[in-house]
Amino acid sequence: MGFLASDLIANSRDSYNGTDDTFFTDTYLYQWLTDGCNSIARRSFCIEATSTDVTVASQADYDYPDDCIAIKRITVD
């Protein structure tokens with residue numbers, strides 16, 4: 001069973017007795033949650049995908065996906 005992000009935020013607010021607290025906005029807490037998830041993904045490589053691109057001789061720069069966290073390996077054929 002998993003938690004929704006809203007469940008995690010509600011549990012976080014409950015843990016410091018701040019159920020109706022407005023000091024930390026939901027947007028701020030969602031950003032912290034996202035940063036934590038990205039940190040875990042970066043360190044553990046728990047989400048991996050393979051991408052193939054066409055290369056051109058003497059070209060040094062290539063675009064990569066906007067949602068790319070890290071490039072683990074580049075293989076040239």
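Is Thr27 buried or exposed? Thr27 counts as exposed, because its relative accessibility is 63% and the cut-off for exposed is over 50%. This is a predicted model.

Thr27 sits in helix α2. Compare its position with that of Ile74. Along the sequence, Thr27 and Ile74 are 47 residues apart. In space, the C-alpha atoms of Thr27 and Ile74 are 36 Å apart.

## Arg13, a buried charged residue

Arg13 belongs to helix α1, which covers residues 5–15. Its relative accessibility is 8%, so Arg13 counts as buried. The cut-off for buried is under 20%.

What does Arg13 touch, leaving out residues up to four places away in sequence? The list is Gly18, Thr19, Asp21, Phe24, Thr25, Asp26 and Leu29. Two of these names come up again. The side chain of Arg13 reaches the backbone oxygen of Phe24 at 2.5 Å. With Asp26, Arg13 forms a salt bridge.

## Two salt bridges

Side chains of opposite charge can pair when their charged atoms come close. How many salt bridges are there? The count comes to two.

Arg13 is buried, with a relative accessible area of 8%. Asp26 is partly exposed, at 41%.

Glu48 forms a salt bridge with Lys72. Here the closest N and O atoms are 3.0 Å apart. Glu48 and Lys72 each lie in the segment after α2, so the pair ties together parts that are 24 residues apart in sequence. Glu48 is exposed, with a relative accessible area of 54%. Lys72 counts as exposed too, because its relative accessibility is 54%.

## Positive phi angles

Now look at the backbone. Phe45 has a phi near 50°, a positive value in a residue other than glycine. Phe45 is placed in the segment after α2. Its relative accessible area is 33%, so Phe45 is partly exposed.

Ser58 also has a positive phi, near 70°, and is a residue other than glycine. Ser58 lies in the segment after α2. How exposed is Ser58? Its relative accessibility is 82%, so Ser58 counts as exposed.

## The largest pocket

The largest pocket has a volume of about 1,300 Å³. Which residues lie nearest its centre? They are Ala49, Thr50, Ser51, Ile71 and Arg73. These five are part of a lining of 26 residues.

What kinds of residue make up this lining? The lining of the largest pocket has 13 nonpolar residues, five polar residues and eight charged residues.

## Recap

Phe45 and Ser58 have positive phi values. The largest pocket is lined by 26 residues, among them Ala49 and Arg73.

How values were computed:
Residues numbered from 1 in each chain as written. Predicted model: local features only at pLDDT ≥ 70, side-chain atom pairs only at ≥ 80, totals over all residues. Heavy atoms only, no water. 1 Å grid on protein atoms, 1.4 Å probe; cavity = no way out; pocket = protein on both sides within 12 Å on 5 of 7 lines; lining within 4 Å. Points joined across faces, edges and corners; volume = space filled by probe spheres on them. Nonpolar A, V, L, I, M, F, W, Y, C, P; charged D, E, K, R; others polar. Helix = DSSP H or I, 4+ residues; strand = E, 2+ residues; numbered from the N terminus. Buried < 20%, exposed > 50% of the residue type's maximum accessible area, 1.4 Å probe, protein only. Polar contact = N/O pair within 3.5 Å; in protein donor to acceptor, adjacent residues only side chain to side chain. Contact = heavy atoms within 4.5 Å. Salt bridge = Lys/Arg side-chain N within 4 Å of Asp/Glu carboxyl O.
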